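Thanks for coming. Please look at the sequence and the model on the screen while I talk.

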Amino acid sequence: MNSRFARAGDTIERLVENSFRAIDDGAYELKRSVSHDAISVKKAIFVCKHAPLITEVKFSSPSRGKIREVGTPAEIAIAMEEAGATALSVLTQPYMFDGSLGNLLAVRKAVSIPLLMKDIIVSEVQIDAAKQAGADCILLIKTVFDRDLAESGIEKLYEYALKKRELNVLVEAHSEGEYADCLSANYELVGINNRNLADLKIDMANTERLIKKLGKGRSVIISESGIAKPADIKYLREAGADAFLVGTSIMETDDVGTKVRELYNAL
């Protein structure tokens with residue numbers, strides 16, 4: 001498939017290409033929808049008694065390949081909620097992540113905590129699908145828009161999700177420039193990704209470095225990627241993170257509930 005986005009070795013452009021491919025293939029078309037008023041992710045974070053975890057239902061990833069083959073999305077989600085998860089991130093990108101809107105719908109029926117539709121969002125089509133499938137929040141990755149890879153600018157899709165579809169929006173940054181822009185825009189939820197999407201390498205100190213240099217503004221800061229043990233949670237909280245998005249280290253364990261509980265009780 002020829003694309004203006006495809007360049008060898010560029011992970012983010014391959015991810016974007018997959019999103020447009022999924023749209024063209026009808027992956028975001030739903031025959032049924034969920035009637036659901038969005039739950040505030042920010043409120044859920046601040047009422048959490050221990051470590052506010054956004055745990056991720058994810059079966060594959062570009063960096064690790066296949067992560068888990070045991071358990072349905074609903075079963076995994078229930079175990080996460082019962083173990084203390086503040087919110088759940090559900091992968092809906094079919095290519096490279098083995099995600100689907102079906103997974104999101106199944107999880108929505110199974111749990112009552114906020115759900116983040118985790119995808120490489122490039123179009124209003126995906127935001128409409130998030131609302132229909134019962135998501136409370138969507139993810140916008142800053143570098144996708146800074147590189148003009150989406151069908152619209154970040155401001156347009158942010159406002160569309162927030163105002164038209166009444167969804168929470170998590171804006172993800174990795175670099176200093178991206179993070180500074182997020183703080184300047186006063187986005188309510190800002191994710192600092194410790195993984196560089198260009199080469200998929202993880203640097204856990206990225207969260208500490210950015211917060212130390214630029215502060216947090218009025219945003220709720222969620223540290224993402226590389227979190228595997230209670231010591232990581234403690235370190236990131238001391239660095240200033242308000243919440244923690246954790247995927248692979250939970251999904252690759254035999255007992256999801258025990259792992260979530262271990263991380264939840266870190267604080």
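Predicted model: local features only at pLDDT ≥ 70, side-chain atom pairs only at ≥ 80, totals over all residues.

Residues are numbered from 1 along each chain as its sequence is written, and side-chain values use heavy atoms, with hydrogens and water left out.

Start with the core. A nonpolar core here is a set of buried Ala, Val, Leu, Ile, Met, Phe, Trp, Tyr and Cys residues joined through side-chain atoms within 4.5 Å. Buried means under 20% relative accessible area, exposed means over 50%, and partly exposed is in between, with a 1.4 Å probe and protein chains only. The largest nonpolar core has 92 residues, and Met80 and Val144 have the most contacts inside it. Its largest share, six residues, comes from helix 1, residues 11-24. Helices are DSSP runs of H or I with at least four residues, strands are runs of E with at least two, and both are numbered from the N terminus.

What does Val144 touch, leaving aside its neighbours within four places in sequence? Val144 is in contact with Ile12, Val16, Ile120, Ile121, Val122, Leu149 and Ala150, where contact means heavy atoms within 4.5 Å.

Met80 brings us to helix 3, residues 73-82, whose buried residues are Pro73, Ile76, Ala77 and Met80. They cover an arc of only 100 degrees around the axis, so they sit on the same side of helix 3. That arc is taken from the directions from the helix axis to the C-beta atoms. On the other side of helix 3, Glu75 and Glu82 are exposed. The buried residues of helix 3 pack against strand 1 (53-57), strand 4 (87-91), helix 4 (101-110), helix 11 (248-251) and helix 12 (256-264). After helix 3 comes Gly84, with a positive phi near 120 degrees.

Now the spaces. On a 1 Å grid over the protein atoms alone, a cavity is a set of points where a 1.4 Å probe fits but cannot get out; a pocket is an open set with protein on both sides within 12 Å along at least five of seven lines; lining residues have an atom within 4 Å of a point. Grid points are joined across faces, edges and corners, and a volume is the space filled by probe spheres set on the points.

There is one cavity of 30 Å³ or more. The largest cavity has a volume of about 40 Å³, and its lining includes Val41, Ile54 and Cys137.

The largest pocket has a volume of about 530 Å³. Of its 32 lining residues, Glu56, Lys58, Lys118, Arg195 and Ser225 lie nearest its centre.

The second largest pocket holds about 150 Å³. Gly84, seen after helix 3, is one of its lining residues, as is Tyr264. Helix 2, residues 41-47, gives the largest share of this lining, three residues.

Last, is Ile227 buried or exposed? Ile227 counts as buried because its relative accessibility is 4%. Ile227 is in the loop between strand 9 (220-224) and helix 10 (230-239). Leaving aside neighbours within four places in sequence, its contacts include Met204, Leu236 and Phe244.
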